[in-house]
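Hello,

Here is the model we talked about. Please open it alongside this note; my findings follow.

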Amino acid sequence: MNNQTAYITGHCVIRQQRVYCNGQLLWQDESAASLQEFLRNGYDRFAGQYPKFHKMDNLCKLGWLAAEVLLQAAPAVDHLPEQVALVLSNRSASLDTDVRYYQSVKDIPSPALFVYTLPNIVIGEICIRHGFKGEHAFFVNNRFDAAQVFACAALLLGSGAATACICGWLEVMDQQYEAVLYMVERKDVEGALPFTADNLQKIFES
Amino acid sequence: MEKLMADLKAQIVAQLNLQEVKPEDIGDDQPLFKEGLGLDSIDALELIVLLQQHYHIRIANPEQGPEIFYSVRSMAEFITAHQKQ
């Protein structure tokens with residue numbers, strides 16, 4: 001693929017109780033005493049009117065919220081649902097929920113927890129919310145691997161399997177969390193950075 | 001029956017984590033699934049767990065599910081009938 005044909009047209013970073021979009025601090029939650037509370041406050045701030053959010057595990061809530069912020073700034077309306085791909089990654093897979101589910105097994109196993117014992121469920125939640133039906137993948141690595149995310153998204157965009165790809169890093173374990181999502185599109189947007197592994201890494205570290 | 005239905009509504013809201021629904025918002029005869037409260041298949045499994053945890057009732061015949069879980073009233077009637085056995 002000619003990398004110049006794809007651009008990072010938006011990005012959302014959520015860490016340390018702050019939400020950034022395209023490098024700008026959108027919201028800072030000083031009041032939340034836990035990740036759960038922060039996510040609920042973020043839902044009220046950026047979304048609402050989606051009761052299923054409350055049933056999700058923290059990984060899904062974080063990914064859903066990051067996608068919500070990202071897509072409000074960089075909507076995927078110009079793309080067919082089948083042409084929007086998702087490529088996500090993290091360190092702990094669904095371990096945060098796996099532990100909770102394991103604890104519930106000692107009594108009566110919780111079906112509502114069980115359905116979140118795979119990390120790629122967050123992709124499904126984002127797709128349901130926005131109607132995406134494209135290709136998707138979820139990788140588990142010790143750290144954010146910009147080269148891998150770039151290679152996978154570039155393959156999808158370059159092969160014509162997708163015209164847009166939401167990709168990035170989505171980590172939750174206990175109270176530690178971090179979301180960095182990028183919207184990559186095969187269209188030129190004024191001021192957008194070219195889609196390269198270096199630019200993914202620079203945004204991640206910003 | 002009224003007390004049992006009120007208890008069930010509170011238990012359903014808690015068990016299914018329906019944070020934007022108040023127990024009193026649920027009608028006695030309101031369908032719990034589809035066009036009613038909009039519960040899904042995972043919620044159905046949670047309702048089965050609810051019956052086990054709170055009322056020590058195991059559903060022997062899964063085909064009874066749609067009838068038992070049609071509404072809060074049908075659940076209460078099932079629990080009452082079971083407790084009389």
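B:K9 is buried, with a relative accessible area of 12%. The cut-off for buried is under 20%, so this lysine qualifies. Keep in mind that the model is predicted.

Where does B:K9 sit in chain B? It is found in helix α1, which covers residues 2-15.

Which residues does B:K9 touch, leaving out those up to four places away in sequence? They are B:P23, B:I26, B:G27, B:D28 and B:V72.

Now chain B as a whole.

- Fold: there are four helices and zero strands. Along the sequence, the pattern reads α-α-α-α.
- Box: along the principal axes, the C-alpha atoms fill roughly 35 × 25 × 20 Å.
- Burial: 40% of the 85 residues count as buried. B:K9 is one of the buried residues.
- Contacts: take the contacts in chain B with a separation of 6 or more. Residues 24 or more positions apart account for 55% of them.
- Surface: chain B exposes about 4900 Å². Carbon and sulfur atoms supply 52% of that area.
- Charge: chain B carries 7 positive and 14 negative side chains. The centres of the two sets lie 5 Å apart.

Best wishes

How values were computed. Residues are numbered from 1 along each chain as its sequence is written. Chains are lettered from A and ligands numbered from 1 in the order in which they are written. This is a predicted model: local features need pLDDT of at least 70, side-chain atom pairs count only at pLDDT 80 or more; totals for chains, interfaces and linings use all residues. Side-chain values use heavy atoms; hydrogens and water are left out. Helices (H or I, at least four residues) and strands (E, at least two) are DSSP runs, numbered from the N terminus. Buried means under 20% relative accessible area, exposed over 50%, partly exposed in between (1.4 Å probe, protein chains only). Contact means heavy atoms within 4.5 Å. Accessible areas come from the Shrake-Rupley method with a 1.4 Å probe; for residues, only the protein chains shown count as cover. Lys and Arg count as positive and Asp and Glu as negative; His and the chain ends are not counted. The place of a charge is taken as NZ of Lys, CZ of Arg, CG of Asp or CD of Glu.
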